Amino acid sequence: MSERKGCFSRRACPAPGSSESLLHEGWVIANHILVSFHVAFISSVLALPAVAVLKGEVLRFVFFSAETLVSALFMLVSFHVGIAVHEMGHMLTGARLDALREDVLAEVDRCRSGSLPRRVGFYLRVFLLAPYGKAPGIRKEGLNYYPDAPYNLAVAAAGPRASRNVATLFLPPAVALLAAGLSADAVWAVYAGRLLLGIGVVTLLDFLLADPGKYREFRGQERLAREKAESVAGTTEWSTASVEARGRMLSGRMQT
């Protein structure tokens, strides 16, 4: 076992030959805070009444009105969702691959294998507590986040994949709602679009900036695994064994 595989802190043990994961770097988290702030407060201008206003009135509306509280709530939700989704992607993949620390894995498996209400409650608890470092399988030190697991490429790639999925889901309806709200003067559509826009932008940044290259590297490993499995499947003698081999290679237990 390499030194990297035995390391629980990705900050202390960067992957050999590759850039280390960045969601646990403070500047990325600080960047997300700033992005959440700017998206929430600047987009509040979209809620201004369709009349000519002075610059001072705009500033008062953005920072010293009831809209300020709405923008602050949107900022908090965007930041929270971005961190929670990314880290849950890491943690849940680690649990599926039995890659979490043993005592944490036992707790997570116990909750995930329970009744439907218990599973829903567990996922909700993790979602709510992840940004505060209180969720099982997710560690937080200052502004640093990382899964409570030895390094595993599949686990490293799962965070950006989850962020990409959320960004893909949220950004198109955000644009559509904002366009519809502004054209039809529908305030509810503007507010909904602003909220979805903040979540979509932050999760997109998670995909692009956090764990750089891990998702692409994992996809490359998957492609090679498929090619190897298909080459094995091409021979009659190994046709039965290829199914098991392909499953192992695609299971995500590929280490760097």
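In the predicted model, His80 lies within helix 3, and this histidine is buried, its relative accessible area being 12%. Because burial is assigned under 20% relative accessible area, the value of 12% places His80 in the buried class. When residues up to four places away in sequence are left aside, the contacts of His80 are with Phe127, Leu128, Pro131 and Tyr132.

Helix 3, which spans residues 66-96, also packs with helix 7, formed by residues 187-209, at an angle of about 35° and with the two axes 9 Å apart. The crossing of helix 3 past helix 7 is right-handed. On the side of helix 3, the contact is built from Glu67, Val70, Ser71, Phe74, Val77, Ser78, Val81, Gly82, Ile83 and His86, while helix 7 contributes Tyr191, Arg194, Leu195, Gly198, Ile199, Val202, Thr203 and Asp206. Sorted by class, the residues in this contact comprise nine nonpolar, six polar and three charged ones.

Turning to the strands, strand 1 (residues 138-141) is paired with strand 2 in the antiparallel sense, over four bridges. Within this pairing, Arg139 has Tyr146 of strand 2 as its bridge partner. The hairpin formed by strand 1 and strand 2 has two residues between the strands, and in this hairpin Gly142 adopts a positive phi near 65°. Strand 2, made up of residues 144-147, is covered on both faces, with Asn144 and Tyr146 buried on one side and Tyr145 and Pro147 buried on the other.

Technical notes:
Residues numbered from 1 in each chain as written. Predicted model: local features only at pLDDT ≥ 70, side-chain atom pairs only at ≥ 80, totals over all residues. Heavy atoms only, no water. Axes fitted to C-alpha atoms, helices over the stretch in contact; angles between N-to-C directions. Left-handed = near helix turned anticlockwise from the far one by under 90°. Contact = heavy atoms within 4.5 Å. Nonpolar A, V, L, I, M, F, W, Y, C, P; charged D, E, K, R; others polar. Buried < 20%, exposed > 50% of the residue type's maximum accessible area, 1.4 Å probe, protein only. Pairing = 2+ DSSP bridges.
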